[in-house]
Every structure is written in structure tokens, then in C-alpha cells.
Amino acid sequence: MSDSSTLPPARLHPEAELARDALSAPLLSRAVRLARWAGPDTRVEAGGELVEEQLGAAAEALGLSGGDAVADASEAWRVALDAGLVEIVDEDEGTVTAGEELALLTGGSPQDVLGVWLAALETVLADASAPDLGALVDAMAEGEGELDLSSLDWDPEAEAEFLDGVLGNLYLLTVGEDAPGDAPVPLPALAASVLVPSDMGEPTNDVLQQVSDAMMRLDDQFRLLEPIGLVTYQPVDEALMAEGDEEPAAPVDDTDVSRYGMVRLTPLGLYGLRARLLEAGFTAPAVGELADKGADTLLDGTAGFPPAAAHAETEGWLARREPLAAARELLAAARGADAGAPLRRLRCQQALALVGADAEPALREVLDDAELGGLARVWLAEHGARDVPPPPESMVFWLTVDTVAAQLAAEGNSEELRALVEGLAAQHSGFFATAWRVDHPATADVLEAMGRLHPDKKIAKEARKAAFKARSQHGG
């Protein structure tokens with residue numbers, strides 16, 4: 001994804017609900033408890049971490065026990081520090097006090113709470129991209145010399161980039177029109193989405209090995225990311241790794257895929273990743289953002305939305321407006337001869353279908369409009385209106401070109417468009433003889449597309465000839 005990409009719109013949960021989710025995320029909850037536990041006797045090292053002799057007390061304050069208790073307490077403290085829940089008062093003395101952000105969690109707005117959570121998320125993501133020091137510690141224990149980070153073959157930028165790529169794909173899989181909804185994504189598929197080139201048929205053994213290595217790295221990373229509330233994660237089945245260093249091969253069939261790890265972005269995680277994408281310069285819309293904007297912004301803004309998201313955005317926009325005034329505003333915004341105009345008119349038509357019978361006076365007002373008259377007649381006929389004047393032939397052809405141009409812009413060369421093209425050619429025997437004369441900026445492009453899409457070679461040739469004539473008529 002380039003940083004100029006426009007992503008599908010996300011359907012976010014209300015901020016108050018997301019803030020509650022953030023406060024109940026286990027890791028942030030622990031960080032808050034430690035920030036409240038810390039007092040005048042709490043001491044930290046130069047880097048801000050708790051002194052070793054206080055880690056046990058911190059773990060106890062959190063009710064943690066077992067082998068990971070101290071490590072979990074240390075992580076919660078680091079999150080508290082990085083998110084501003086505690087602040088170092090005196091570096092020489094190593095004393096701390098409650099941070100300004102701590103009060104926001106009880107007295108601030110949902111947005112304030114989410115801001116603290118986002119800061120905590122950055123800490124966890126940095127940890128998830130850090131190297132596994134366990135191997136180095138083992139090597140030192142075996143007397144292989146001093147701590148040597150270079151032996152890890154670890155590139156911090158590449159690691160962070162890989163994790164960002166994986167999370168970006170998880171975001172796309174969550175917000176896309178064909179997204180599986182709440183269904184979790186298998187870890188092998190997620191790893192492959194980043195590592196296997198889209199034009200590669202059968203992955204090579206080398207690529208499969210890379211996917212397998214990445215799965216194990218992601219297994220560690222998602223275990224770290226779950227407690228901050230970013231994902232829900234079902235880890236890789238440890239029975240698949242019976243021998244210590246053995247890595248699992250790719251799954252044999254779909255029935256055992258869940259044993260290789262399953263991950264799902266939470267509503268809070270969707271909010272968090274969208275915030276990071278916006279920060280990185282992506283256009284990452286959210287359904288509901290256009291509700292208070294003008295009709296022109298709505299029609300342009302939803303132009304690239306998948307159908308369900310465009311429908312939801314338009315419903316929200318209409319809910320704030322009086323129906324007849326909304327219809328008039330939509331029709332006014334649908335005019336234009338620019339390249340985006342046909343798709344605006346298609347979105348306008350879809351929006352007017354949601355307005356209902358109250359829109360009728362607005363549609364009657366534009367019956368004689370060259371750009372909107374055809375659209376208005378279609379709407380009035382569909383709503384059973386009486387005394388609708390028949391359209392002149394020129395208007396029928398103009399509307400046809402406009403409709404195909406809109407579908408081309410919305411979907412490209414889709415099966416639906418192919419069916420539309422076949423239907424048009426079959427309906428009007430002399431279609432191409434007249435169509436090239438249509439005074440519409442997209443006439444030549446539409447005829448070219450029809451020539452490309454129609455399965456009958458003879459008709460396709462007619463369409464291409466008509467496209468040539470249209471270009472000649474309009475000076476190229």
C-alpha cells in the first residue's frame with residue numbers, strides 16, 4: 001500500500017464504547033493499577049524501569065504469580081511510563097509521581113482515553129518488533145561470549161515494516177466489502193498475504209519456508225498484542241511443534257487450519273490501526289464522517305465506497321435532513337461534465353432511492369435538465385408517478401452513456417457491466433450507429449469499453465468503429 005492509497009471505509013463502534021474497551025484491555029488496566037500503586041517509595045532505574053527489588057511487589061500489586069509475573073509487571077510499568085500514567089520526578093533519585101494522563105482516564109472524554117490507549121499501543125508494537133533476546137541469553141549461558149546484537153541478524157526497520165504490512169493487510173481484510181465480518185483470519189493466510197507475490201502461481205519451497213518462519217514470528221507478536229486489546233488471537237497449537245526447534249509446515253487442508261493460529265481485529269484494534277494509517281498519510285475513511293458535509297462532498301466521498309458502505313453513509317447523511325431539501329441538494333451536486341460526474345449521478349440515484357416519495361417535487365423540477373432529466377424519469381417511473389413525459393431519444397442515449405461510464409468508474413470491467421453492455425446492444429439494433437453522436441464527455445471511452453467487453457466479435461468491432469467516430473467528432 002502506498003501512502004496515497006484510499007482504503008475502504010471502516011465501520012467504527014461509538015467512541016464511548018471503544019473507550020470502555022480500552023480501559024478493560026488487560027495490559028492498560030494493569031498499567032493503570034501500577035500507576036496508582038506507585039508512591040514516594042517507588043524507585044526506578046536510569047531508563048525509567050522499576051528497580052529489580054520492587055518488581056516482585058509490583059507483580060503482587062497486580063495479583064500476578066508464576067514464572068511470567070515479574071516480566072508482565074515490568075511490561076505494565078513500561079506501558080504506564082510511555083503512556084504518561086506515571087512520570088519521573090527526579091532522575092538522580094529515581095522517584096516518580098502520577099502522570100497527567102492518569103486523571104484523563106477517569107475525568108477525560110472518550111477521545112482522551114483513546115489517546116492514552118494509542119500511546120500504550122505504540123509501546124506494545126515496538127516490543128512486538130523487538131528481537132527475541134532469549135536465544136542470545138541462552139548463547140551467553142553456554143559461554144559463547146558477550147551479548148552481541150549483531151548475531152541476531154535483526155533489522156529494526158524491516159521488522160517494524162513487516163509487522164505494519166501484516167497489520168495493514170489484517171485491516172484490509174476487516175474493512176473490505178468481501179470481508180469475513182467477525183470471522184478470524186488464519187495465520188498462514190495472513191503471513192502469505194505479505195510474503196507471496198500476487199502473481200506467483202504455486203509458491204516455491206523457499207517462499208513456503210519464509211511463510212512458516214513468519215508464522216512463528218507472528219505467533220509471538222500476536223500473543224503480545226492481544227493483552228492491549230488490538231486483536232483476539234488463537235495461538236499456534238504447540239502440539240504441532242513437538243520437537244523444540246521444529247517449525248510447523250503449512251497446513252494440509254482447511255480442516256486443520258485453525259491449529260496454525262487464528263487472528264481477528266477487535267473493534268478497538270480497528271480504531272487503533274485506522275489512527276496509525278491516518279498518521280502515516282493514508283486516506284482511511286470511516287462510515288459516518290460525511291453526515292454533516294454537503295451533498296457534493298457526500299457524492300464525491302462515497303464514489304469509491306463499496307455498495308454497502310455507500311448505502312450506510314448515505315442513510316446517515318439523509319437522517320439529518322428534511323427529505324425534499326436533501327433531494328434538491330443531491331440533484332444540484334450531481335451536475336457536471338467532469339470525469340467524476342457520472343459516478344456522482346449514480347450515487348445520487350442510489351441516494352434518491354432511499355429518500356422515498358417525498359423527493360417527487362425535486363425530480364419533477366429537473367425533467368428538462370439535459371444531465372438529470374433521464375435520471376428523474378427513471379426515478380418517477382419506478383415510484384409510480386403519473387404524467388411523466390416520455391424522454392426524447394437523445395436523452396435516452398445520453399443516460400445510457402452516463403450509466404455505463406458510472407459503472408466503469410465504480411467497478412471497472414465487472415461481470416455486471418459485461419451483462420449491461422450485452423443487454424444494451426441486444427435492445428437497440430442500431431445502437432452504435434447513433435451512440436457515437438451522443439454529446440457526452442465519456443462517449444468514446446464508453447464505446448471503447450463496450451468493444452472490449454462484448455463477447456460477440458462482430459458487435460465488438462461495431463463498438464470500436466463507433467468509438468473511433470466519436471473521437472474524431474470531438475477532435476481526438
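A salt bridge here is a side-chain nitrogen of Lys or Arg within 4 Å of a carboxyl oxygen of Asp or Glu. The model is predicted, so local features need pLDDT of at least 70, side-chain atom pairs count only at pLDDT 80 or more, and totals for chains, interfaces and linings use all residues. Residues are numbered from 1 along each chain as its sequence is written, and side-chain values use heavy atoms, with hydrogens and water left out.

**Exercise 1.** Find how D292 and K293 meet, and how open each one is.

*Solution.* Start with the contact: the two side chains of D292 and K293 form a salt bridge, 3.4 Å from N to O. Next, check accessibility (buried is under 20% relative accessible area, exposed over 50%, partly exposed in between, with a 1.4 Å probe and protein chains only). D292 is exposed because its relative accessible area is 52%, whereas K293, at 36%, is partly exposed.

**Exercise 2.** Work out how R223 and D219 are placed in helix α10.

*Solution.* First, a salt bridge of 3.0 Å, N to O, joins their side chains. Then look at the helix (a DSSP run of H or I, at least four residues, numbered from the N terminus). R223 and D219 sit four residues apart in helix α10 (residues 205-225), so about one helical turn separates them. Finally, D219 is buried at 3% relative accessibility, while R223 is partly exposed at 34%.

**Exercise 3.** Describe the pairing of E365 with R328.

*Solution.* Their closest N and O atoms are 2.5 Å apart in a salt bridge. This pair links distant parts of the chain, 37 residues apart: E365 belongs to helix α16 (residues 360-365) and R328 to helix α14 (residues 323-334).

Terms used: Helices (H or I, at least four residues) and strands (E, at least two) are DSSP runs, numbered from the N terminus.
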